[in-house]
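Hi,

Here is the structure I promised to pass on. Have a look at it first, and then read my notes below.

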Amino acid sequence: MRFSLKAEAMLALCTVLWGATFPAIKMALADASPWTMVALRFLIAALVFLPFTLGAALRATQADLSAGFWLGATLLVSFGAQTFGLVYTSVSRSAFITQLLILFTPLLQFVFFRRIPAPTTLLGGAIVLGGMFLLTAPAGELALNRGDWLTLVCAFTFSIYILIIDHRSRPENRAALSLFQTAFLTAGAWGFAASLETPQMNFTPVGALALLFLAVGGVNAAVYLQMRYQPQTSPARAAVVYSLEPVFATLFAVALGWEAIDLRVAVGGGVVLTGVLVSEAGGAWLARRRRSGLSVRE
């Protein structure tokens with residue numbers, strides 16, 4: 001079983017950055033059309049990565065290029081499916097369904113690699129899903145609408161993204177993979193911007209700063225943390241840690257005065273945190289058992 005408290009703390013930091021992107025996106029969208037903003041965001045990120053990763057990219061293998069393509073493609077599909085899903089479903093339903101990646105990730109891990117997550121990881125994931133239900137309170141009819149199905153695609157493809165990082169990211173190729181996936185995603189986003197909307201941009205200072213944070217913080221820093229630290233833990237455990245994203249997004253919205261915390265939101269956030277802590281505590285316990293010579297599952 002792979003367990004690293006430092007690595008999972010760094011992935012938690014990644015969710016802080018992701019949570020902060022929600023208000024930043026809202027600010028940037030006031031100045032630009034959606035796909036144009038996305039395309040500019042990843043173009044800036046690719047340009048920032050370039051001087052630090054170009055040498056590694058020139059030494060990369062065909063396998064690294066292929067992995068970078070699939071990383072970029074799965075992120076693009078995931079982001080696009082979630083974005084267009086929100087046209088047909090509510091934000092709360094989208095937030096909850098996206099977190100089904102906690103179920104998809106261990107399932108795909110077993111299907112493709114015959115690895116069964118540790119019981120404590122599964123228990124933590126189940127608690128997190130309960131907390132997400134309270135936090136987002138999906139309402140309305142139980143039947144899935146078009147937007148819900150699109151959001152399921154988002155959760156499924158991000159689970160694949162997690163598994164690709166787990167199996168293809170290595171210390172010697174993570175710089176190249178960071179550049180490749182961002183470059184492929186940028187090209188796809190510009191394609192969407194050109195074909196699905198009339199590009200518009202008129203950035204104010206606030207919108208420009210928000211866009212810069214979305215690129216450097218939400219892409220460069222987050223991708224670096226994922227590529228370096230996620231391989232030090234298991235995909236299922238990473239999925240549980242990533243569930244902290246909507247908790248931090250809610251906290252940032254409250255800090256900006258955009259939302260208020262009620263009892264339901266507070267309890268839901270607390271339950272999500274409990275689920276993550278159960279997974280972490282279980283991981284530490286199983287790691288100690290392994291060092292003692294006892295067999296444990298992934």
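This is a predicted model: local features need pLDDT of at least 70, side-chain atom pairs count only at pLDDT 80 or more; totals for chains, interfaces and linings use all residues.

Residues are numbered from 1 along each chain as its sequence is written, and side-chain values use heavy atoms, with hydrogens and water left out.

Is Asn220 buried or exposed? Its relative accessibility is 7%, so Asn220 counts as buried. (Buried means under 20% relative accessible area, exposed means over 50%, and partly exposed is in between, with a 1.4 Å probe and protein chains only.) The side chain of Asn220 reaches the backbone oxygen of Ala45 at 2.9 Å. Not counting residues up to four places away in sequence, Asn220 touches Ala45, Val48, Phe49 and Ala215; contact means heavy atoms within 4.5 Å.

Val48 is worth a look from its own side. This residue is in helix α2 and is partly exposed, with a relative accessible area of 29%. Leaving aside neighbours within four places in sequence, Val48 is in contact with Val216 and Asn220. Val48 and Leu179 are 131 residues apart along the chain, yet their C-alpha atoms are separated by 9.3 Å.

Now the overall picture. The protein has 12 helices and 0 strands. Of its 298 residues, 51% count as buried. Among contacts between residues at least 6 apart in sequence, 92% join residues at least 24 apart. The protein exposes about 13700 Å², and carbon and sulfur atoms supply 71% of that; these areas come from the Shrake-Rupley method with a 1.4 Å probe, and for residues only the protein chains shown count as cover.

On to helix α8, residues 174–196. Its 23 residues should span 33 Å at 1.5 Å a residue, and the end C-alpha atoms are 32 Å apart, which agrees. (The expected span is 1.5 Å times one less than the number of residues.) The buried residues of α8 include Leu177, Phe180, Leu185 and Ala189. What covers the buried residues of α8 includes α2 (34–58), α3 (62–85), α7 (146–168) and α9 (205–229).

Helix α5 has 13 residues and reaches 17 Å from its first C-alpha to its last, close to the 18 Å expected. Among its buried residues are Leu101, Phe104 and Leu108. Just after α5, Arg114 takes a positive phi of about 55 degrees.

What about the inside? The largest nonpolar core has 66 residues, and Met37, Leu71, Leu101, Val128, Phe158 and Tyr242 touch the most other members. (Such a core is a set of buried Ala, Val, Leu, Ile, Met, Phe, Trp, Tyr and Cys residues joined through side-chain atoms within 4.5 Å.) Leaving aside neighbours within four places in sequence, Met37 is in contact with Ile25, Ala28, Leu29, Ala32, Leu211 and Leu214.

Then the rings. How many aromatic pairs does the structure hold? There are 8 aromatic pairs. (Rings of Phe, Tyr and Trp, the last by its six-membered ring, pair if their centres lie within 6.5 Å; planes under 30 degrees apart count as stacked, over 60 as edge-to-face and the rest as tilted.) Phe69 and Trp70 have ring centres 5.1 Å apart and planes at 75 degrees, so that pair is edge-to-face. Phe104 and Phe156 are also paired edge-to-face, at 5.6 Å centre to centre and with 80 degrees between the planes. Phe104 lies in α5 (residues 101–113) and Phe156 in α7, so this pair ties together parts that are 52 residues apart in sequence. Ring pairs also link Trp18, Phe158, Tyr161 and Tyr242 into a cluster.

Last stop: Asp31, in the loop between α1 (5–29) and α2. Asp31 counts as buried, at 12% relative accessibility. Asp31 and Leu211 are 180 residues apart in sequence and 9.8 Å apart in space, C-alpha to C-alpha.

Cheers

How values were computed. Helices (H or I, at least four residues) and strands (E, at least two) are DSSP runs, numbered from the N terminus. A polar contact is a pair of N or O atoms within 3.5 Å; within protein, one must be able to donate a hydrogen and the other to accept it, and residues adjacent in sequence count only if both atoms are side-chain atoms.
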